[in-house]
Every structure is written in structure tokens, then in C-alpha cells.
Amino acid sequence: AILVKSLVETDLKRDLTAKLQEEYNMAGAEVFTRAVDLMQTKFVCCGVSGAGDYTGTAWQRDLGEESNSLQLPLTCCALNNTHTVDSFLDPQPRDLRKCQELESYAEGFRYSEGCGPYLLKFAGSECVLLVGLCLGSSLLALIGLLISCYFFKQVKK
């Protein structure tokens, strides 16, 4: 189990980072982009390993050398509207300028941790829930089978 967990963790980081590099905020990848934005908003994190995951992404290359272009998605910024359910769809940063300054650490204005560990923990808890539901439904089916056998035996008498 420990070996499988480390393989999943390694594959998740590698594959998700590669997908983030090529597909985030690009045409045709809107569902992926919204999923990443939701993850970053819900887990209060940025990228898979950190904000550096966005350096050199297709999204940044597509923006070019615009002086006002974003370095990080708005969902990497500390938001004023975190209390709303759909804040990942319309993020409102506390201070956009401080959040986008990559040279300095913007504590309180940008999320510093990556989402990888949070995503693994979330997936693990969902797997435990799924296993519990499967065991519960199997137990229920077994009880139904035993009751059916009991009634079948009673009818034969």
C-alpha cells in the first residue's frame, strides 16, 4: 500500500503538472481550468507543488509580453469572496498587485503551498468512503440473501 501510494503521488504530481503547463486557461480546456480553480480556492493553495508550476505555461506564453498580464491565476491569490460558493468562477483578490509579485513573498496575499498534498488527502478520503459504501451494500445484499433463504425454507415446510 505504501509503494502504491508513493507511485500514485509521483504520477499525480508529474501528470497534473504537465497538464497544468500545457492546458490551464487554454481554449478547449475550460473544464480542466475550472477544476484547477476550484481546487485552488477550496484547498487555499496554488499549483501542484507551488506557484512556480505556472512559470512558462502555455497560458503565459499565449499572453506574451503584455505589461499587465497575470503571472498567476487569480485563484492563487487570497480572495475577498472566499465565503461564496462560486468564488472560483469570479475570484476577487485582496490585492492583485501584491499577489502577482513573484520576486517577493506575498504572505497574506498569495497562497504559497501547492495543492498536491491536499488533492491526495481528498482522493484518499473519497476512496475510503467508496470502500465503505461498497462494503455496506455487500452486507445489505448478504442480509437480503439470508432472509430470502430463510423464507424459502419456511415456504417449503
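These legends describe close-up views of a predicted model. Local features need pLDDT of at least 70 and side-chain atom pairs count only at pLDDT 80 or more, while totals for chains, interfaces and linings use all residues. Residues are numbered from 1 along each chain as its sequence is written, and side-chain values use heavy atoms, with hydrogens and water left out.

**View 1. The largest nonpolar core has 19 residues.**
A nonpolar core is a set of buried Ala, Val, Leu, Ile, Met, Phe, Trp, Tyr and Cys residues joined through side-chain atoms within 4.5 Å. Buried means under 20% relative accessible area, exposed means over 50%, and partly exposed lies in between (1.4 Å probe, protein chains only). The residues with the most contacts inside this core are Leu20, Tyr24, Phe32, Val36, Cys46, Tyr54 and Leu72. Helix 1 (2–23) and helix 2 (30–43) each supply at least two residues of this core. Helix 2 gives the most, with 4 residues. Helices here are DSSP runs (H or I, at least four residues), numbered from the N terminus. In soluble globular proteins, nonpolar side chains tend to be buried together.

**View 2. Tyrosine 54 sits in the loop between helix 2 and helix 3.**
Is this residue, tyrosine 54, buried or exposed? Its relative accessible area is 0%, so tyrosine 54 is buried. Tyrosine 54 and glutamine 21 are 33 residues apart in sequence. In space, their C-alpha atoms are 6.6 Å apart.

**View 3. Helix 2 packs against helix 5 (residues 116–156) at an angle of about 90 degrees.**
Their axes are 10 Å apart. That makes helix 2 roughly perpendicular to helix 5. Angles of 65 to 115 degrees count as roughly perpendicular, under 35 as roughly parallel, over 145 as roughly antiparallel and the rest as oblique. Axes are lines fitted to C-alpha atoms, for helices over the stretch in contact, and angles run from 0 to 180 degrees between N-to-C directions. Which residues make the contact between helix 2 and helix 5? Helix 2 brings Met39, Lys42 and Phe43, and helix 5 brings Tyr118, Leu119 and Phe122. Contact means heavy atoms within 4.5 Å. These residues divide into 5 nonpolar, no polar and 1 charged. Ala, Val, Leu, Ile, Met, Phe, Trp, Tyr, Cys and Pro count as nonpolar, Asp, Glu, Lys and Arg as charged, and the others, Gly among them, as polar.

**View 4. A disulfide joins cysteine 45 to cysteine 115.**
The structure holds 3 disulfides. A disulfide is a pair of cysteine sulfur atoms within 2.5 Å. In this one, the S to S distance is 1.8 Å. The torsion about the S-S bond of cysteine 45 and cysteine 115 is about 100 degrees, so the disulfide is right-handed. Cysteine 45 lies in the loop between helix 2 and helix 3 (58–63), and cysteine 115 in the loop between helix 4 (96–100) and helix 5, so the pair ties together parts that are 70 residues apart in sequence. Both cysteine 45 and cysteine 115 are buried.

**View 5. Cysteine 46 and cysteine 76 form a disulfide.**
Their sulfur atoms are 2.0 Å apart. This link is right-handed, with 85 degrees about the S-S bond. Cysteine 46 is in the loop between helix 2 and helix 3, and cysteine 76 is in the loop between helix 3 and helix 4, 30 residues apart. Cysteine 46 has 0% relative accessibility, so it counts as buried. Cysteine 76 is also at 0% and counts as buried. Neighbours within four places in sequence aside, the contacts of cysteine 46 include Gln40, Ala51, Tyr54, Leu72 and Tyr111.

**View 6. Cysteine 77 and cysteine 99 are joined by a disulfide.**
The S to S distance is 2.0 Å. The torsion about the S-S bond of this pair is about -85 degrees, so the disulfide is left-handed. Cysteine 77 lies in the loop between helix 3 and helix 4 and cysteine 99 in helix 4, so the pair ties together parts 22 residues apart in sequence. Cysteine 77 and cysteine 99 are buried. With bonded cysteines counted along the chain, the disulfides follow the pattern 1-6, 2-3, 4-5.

**View 7. Asparagine 25 and valine 44 have a positive phi.**
Phi of asparagine 25 is near 60 degrees. Asparagine 25 is found in the loop between helix 1 and helix 2. Valine 44, in the loop between helix 2 and helix 3, has a phi of about 55 degrees. Asparagine 25 counts as partly exposed at 36% relative accessibility, and valine 44 counts as partly exposed at 43%. Most residues other than glycine have a negative phi.
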